[in-house]
Amino acid sequence: MYAHNYRILCDICAEKSVIRHVSKHRNPDGSVDVAGNLKIWNDAIARFDQILLWEGGAPNFRPEETLQIQPSIVFVPAQGVSEKRGTVIVAHGGGFTTRTGCEGIHVAKYFSDAGFNTAILTYRLQPYSRYDAMDDMQRAIRLLRARKDELGITDKVVAMGFSAGGMLASNCATHFDPGDPGAADPVEQQSCRPDGAVLGYGAFAFCGLPGGMFTDPFADKTQNPFVANKKELIFFAPEVNIRPDSPPFFIWQTNSDDPRHSFTLGQALTAMGIPFEMHLFPGGIHGLALADGNNDLSMSVPHVAQWAPLCTTWLLGLGL
């Protein structure tokens with residue numbers, strides 16, 4: 001089932017139709033071209049056979065947000081394997097405002113070729129909240145488990161994300177529940193705890209890092225562009241929400257993104273006894289995806305590109 005999604009995935013990657021060079025990200029007036037960006041993603045996703053996260057539509061979905069499509073996953077079966085495997089949910093970045101196509105579609109192809117089922121996540125962006133985005137990834141985890149027999153997969157699910165998507169994956173690895181066995185919706189009966197979290201260059205450690213000069217650490221106001229207030233800052237900071245039952249983490253970034261984010265999270269994981277693997281690369285910059293040239297920067301950095309085969313080995317070690 002959904003085998004044709006892999007063929008479509010190959011076509012889109014060959015066309016490079018979801019890659020938009022950084023020089024084209026802004027309108028003539030300097031504002032971010034959100035509409036143009038979302039159209040590229042929407043056109044690509046429309047070519048696949050999608051699975052809506054909520055068959056009747058997401059809670060509180062706003063039809064007036066015409067460029068925001070219903071949250072969904074595109075399921076792509078693992079290639080070259082005969083046994084049942086788990087699934088990697090791939091969440092793109094884009095600052096919770098836009099969608100970086102190479103971080104969703106090109107990454108999904110890599111891990112499908114590596115022998116893992118993948119699920120390309122379309123999650124809600126601003127003006128929806130980060131709580132809505134997290135609900136979407138949690139729902140995707142539950143849905144894959146609820147439909148595992150239909151999809152021919154195991155119930156193992158790893159949350160993988162890049163930039164904002166990495167922040168989202170970290171949130172799902174620190175806030176989760178076992179499901180509601182009494183729920184009328186069989187999807188909601190499933191656990192939303194991922195079996196692992198892969199964080200690609202996410203700026204997540206905003207509680208564990210100093211706020212800088214002239215910042216009042218006791219004020220409710222925050223200069224963080226990704227949260228509305230201090231309550232959200234704390235909730236969405238994985239380093240202060242690690243649980244004893246959080247899953248293993250795979251963390252990678254380039255040093256240009258400030259490696260203290262990874263150090264801080266690694267310290268918190270160590271304190272709670274959560275296994276993790278971490279790779280910090282001295283070269284390269286934010287947004288490299290696979291670092292193979294197929295990104296909005298047109299940058300190929302072979303040393304950084306090692307993260308993907310390293311992650312493949314790590315996923316196999318999880319029993320995915």
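This is a predicted model: local features need pLDDT of at least 70, side-chain atom pairs count only at pLDDT 80 or more; totals for chains, interfaces and linings use all residues.
Residues are numbered from 1 along each chain as its sequence is written, and side-chain values use heavy atoms, with hydrogens and water left out.

Let's start with the sheet. Helices (H or I, at least four residues) and strands (E, at least two) are DSSP runs, numbered from the N terminus. Strands of a sheet pair through backbone hydrogen bonds, either parallel or antiparallel. Here, two strands pair if DSSP finds at least two bridges between them. In this model, 8 strands make an open sheet with mixed pairing, in the order 1-2-4-3-5-6-7-8. Strand 1 (51-52) and strand 8 are at the edges with a single partner strand each, so one side of each has no neighbour in the sheet.

Now step inside, to strand 3 (87-91). How many bridges join it to strand 4? There are 5, and strand 3 and strand 4 pair in the parallel sense; one place to look is Val-88, which stands opposite Thr-118 in strand 4. Strand 3 also runs parallel to strand 5, joined by 5 bridges, and there Ile-89 has Ala-159 as its bridge partner. Between strand 3 and strand 4 you'll find helix 3 (residues 101-113), and the three make a right-handed β-α-β unit. A crossover is right-handed if, with the strands pointing away from the viewer, the path from the first strand over the helix to the second runs clockwise.

Strand 6 (residues 196-200) runs parallel to strand 7 and is joined to it by 4 bridges, with Ala-197 opposite Phe-249. Strand 8 (residues 276-281) is joined to strand 7 by 6 bridges, again in parallel. The chain gets from strand 7 to strand 8 through helix 8 (residues 260-272), in a right-handed β-α-β crossover.

Helix 6 (residues 164-172) is mostly covered, with 9 of its 9 residues buried. Those buried residues pack against several elements, including strand 3, helix 4 and strand 7.

Next, the cores. A nonpolar core is a set of buried Ala, Val, Leu, Ile, Met, Phe, Trp, Tyr and Cys residues joined through side-chain atoms within 4.5 Å. Which residues touch the most other members of the largest one? Out of 49 residues, they are Ile-73, Ile-89, Leu-121, Tyr-123, Met-137, Leu-144 and Phe-249. Helix 4 (residues 130-146) gives this core its largest share, 7 residues. Apart from this core lies another, of 42 residues, among them Cys-13, Met-160, Ala-289 and Ala-308.

Finally, the rings. Rings of Phe, Tyr and Trp (its six-membered ring) pair if their centres lie within 6.5 Å; planes under 30 degrees apart count as stacked, over 60 as edge-to-face and the rest as tilted. A search of the whole structure turns up 14 aromatic pairs. Tyr-131 and Phe-235 make a tilted one, 5.3 Å centre to centre with 45° between the planes. Tyr-131 is in helix 4 and Phe-235 in helix 7 (residues 230-235), 104 residues apart. Tyr-131 is partly exposed because its relative accessibility is 28%. For contrast, look at Trp-252 and Trp-307: their ring centres are 4.8 Å apart and their planes at 10°, so this pair is stacked. Trp-252 lies in strand 7 and Trp-307 in helix 10 (residues 307-317), so the pair ties together parts 55 residues apart in sequence. Trp-307 counts as buried because its relative accessibility is 0%.

Methods:
Buried means under 20% relative accessible area, exposed over 50%, partly exposed in between (1.4 Å probe, protein chains only). Contact means heavy atoms within 4.5 Å.
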